[in-house]
Amino acid sequence: MADTDDPMVLDGGFEDGVEWDGRWNHVRRFLERSGPFTHPDFEASTESLQFLLETSRILVIGAGGLGCELLKDLALSGFHNIHVVDMDTIDVSNLNRQFLFRPKDVGRPKADVAADFINNRIPGCCVVPHFKKIQDFDETFYRQFHIIVCGLDSIIARRWMNGMLLSFLVYEDGVLDQSSVIPLIDGGTEGFKGNARVILPGMTACIDCTLELYPPQINFPMCTIASMPRLPEHCIEYVRILLWPKESPFGDGVCLDGDDPEHIQWVYQRSLERAAEFSITGVTYRLTQGVVKRIIPAVASTNAVIAAACATEVFKIATSAYVPLNNYMVFNDVDGLYTYTFEAEQKENCSACSQVPLDLHFSPASKLQEVLDYLIESASLQMKSPAITATVEGKNKTLYLQSVASIEQRTRPNLSKTLRDLGLTNGQELAVADVTTPQTMLFRLSFTS
């Protein structure tokens with residue numbers, strides 16, 4: 001392999017930026033002739049390649065382990081108009097598996113460096129970087145893409161993107177207008193395990209339909225965190241759960257953002273202080289970020305396999321050359337190699353993609369705190385900091401909102417009130433906003449006797 005500062009040769013040893021005859025022959029073989037496995041609607045054509053090269057617009061979310069592989073695979077498959085969104089900067093620990101980065105890139109935005117690398121190496125390719133959060137863009141930005149691919153390590157971000165695409169759907173007399181569907185290809189890895197899935201919003205199971213498939217978060221007992229820490233993770237959780245809301249280091253109501261280096265640095269320093277008090281070693285910046293973001297260590301080979309599977313699905317959907325995955329592929333190479341494909345089914349009562357408000361079954365004597373706990377702890381909802389509003393006596397009323405300190409303080413007494421005392425009635429609609437979705441979700445109270 002080349003010297004550490006020389007980018008690896010991506011395709012056959014050709015020099016950077018040089019086009020050559022027959023460059024896309026490997027793609028033409030799939031697009032310009034039919035075969036036994038082609039899609040029923042596929043028509044062999046010389047125009048399909050031009051669509052990939054000149055027209056199709058792909059968005060890659062995440063430029064980390066999966067994202068680097070995705071960008072390389074897509075660019076070498078003929079996709080030339082690619083945008084990539086990532087708000088992380090490069091850390092030394094990324095270099096062992098995120099192969100588009102070099103030691104000289106440490107500290108720079110991942111999206112910028114990844115885009116520069118691909119643009120310099122692959123003739124005609126235009127990767128546009130965005131060093132931002134996905135929440136920083138409005139629907140106009142996302143509507144411009146034909147396909148969106150996620151290479152994320154955050155379930156919250158996946159759910160938010162899922163909600164954004166669901167908000168685009170148009171129904172006419174209850175029938176989905178398929179032209180409003182933007183396919184979402186999602187990949188995920190967890191050590192030597194991974195998955196790839198194809199989501200057609202409104203047509204197949206969405207992210208929220210299958211929340212139970214995601215690994216549960218590891219939570220430490222509060223008594224251990226507060227009084228008897230034994231692990232470096234206990235010290236970090238103490239700062240995350242107790243110190244952050246108490247000290248509000250970046251202003252009242254500012255939530256801890258695992259993607260903000262200043263936030264992580266603050267948690268890291270306070271965690272070191274906490275660890276020193278109890279003679280605990282092992283608190284590092286990387287561990288701090290991993291605990292705050294719930295990151296599971298990645299393996300380069302798993303990233304490569306899952307990214308290749310996702311890129312293949314993008315190619316199939318963009319060209320109609322082959323029938324896409326239906327719709328969930330599991331990969332495991334812990335002991336040998338194992339793959340399995342199954343069809344994840346839509347949930348009729350999915351909080352994200354169902355077309356009717358979901359029922360919340362509570363007694364009129366139940367307290368608002370019970371409703372809040374259900375929204376957070378339910379396996380099918382898994383909200384993070386739900387804000388609840390309702391129309392009471394003709395007026396829109398905020399029942400509880402956590403993200404703004406002044407409003408949280410004012411609405412906190414409502415948590416100990418019963419639903420009846422709050423003026424809520426059977427069949428009442430509750431509007432719930434949460435960081436897991438860009439859209440407000442509607443629920444309907446169904447009082448039990």
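**View 1. Strands E2 and E3 are joined by five bridges**. Strand E2 (residues 81-85) and E3 run parallel; two strands count as paired if DSSP finds at least two bridges between them. Helices (H or I, at least four residues) and strands (E, at least two) are DSSP runs, numbered from the N terminus. Val85 has His130 in E3 as its bridge partner. The model is predicted: local features need pLDDT of at least 70, side-chain atom pairs count only at pLDDT 80 or more, and totals for chains, interfaces and linings use all residues. Residues are numbered from 1 along each chain as its sequence is written, and side-chain values use heavy atoms, with hydrogens and water left out.

**View 2. The open sheet has eight strands with mixed pairing**. Their order is E3-E2-E1-E4-E7-E8-E9-E10. Strand E3 (126-130) and strand E10 (338-342) are the edges; each has a single partner strand, so one side of each lacks a neighbour in the sheet.

**View 3. Thr38 sits in the loop between helix H1 (25-31) and helix H2 (47-55)**. Thr38 counts as buried because its relative accessibility is 16% (buried: under 20% relative accessible area; exposed: over 50%; partly exposed in between; 1.4 Å probe, protein chains only).

**View 4. The Thr38 side chain makes a polar contact with the side chain of Ser34 at 3.3 Å**. A polar contact is a pair of N or O atoms within 3.5 Å; within protein, one must be able to donate a hydrogen and the other to accept it, and residues adjacent in sequence count only if both atoms are side-chain atoms. The Thr38 side chain also reaches the backbone oxygen of Gly35 at 2.9 Å.
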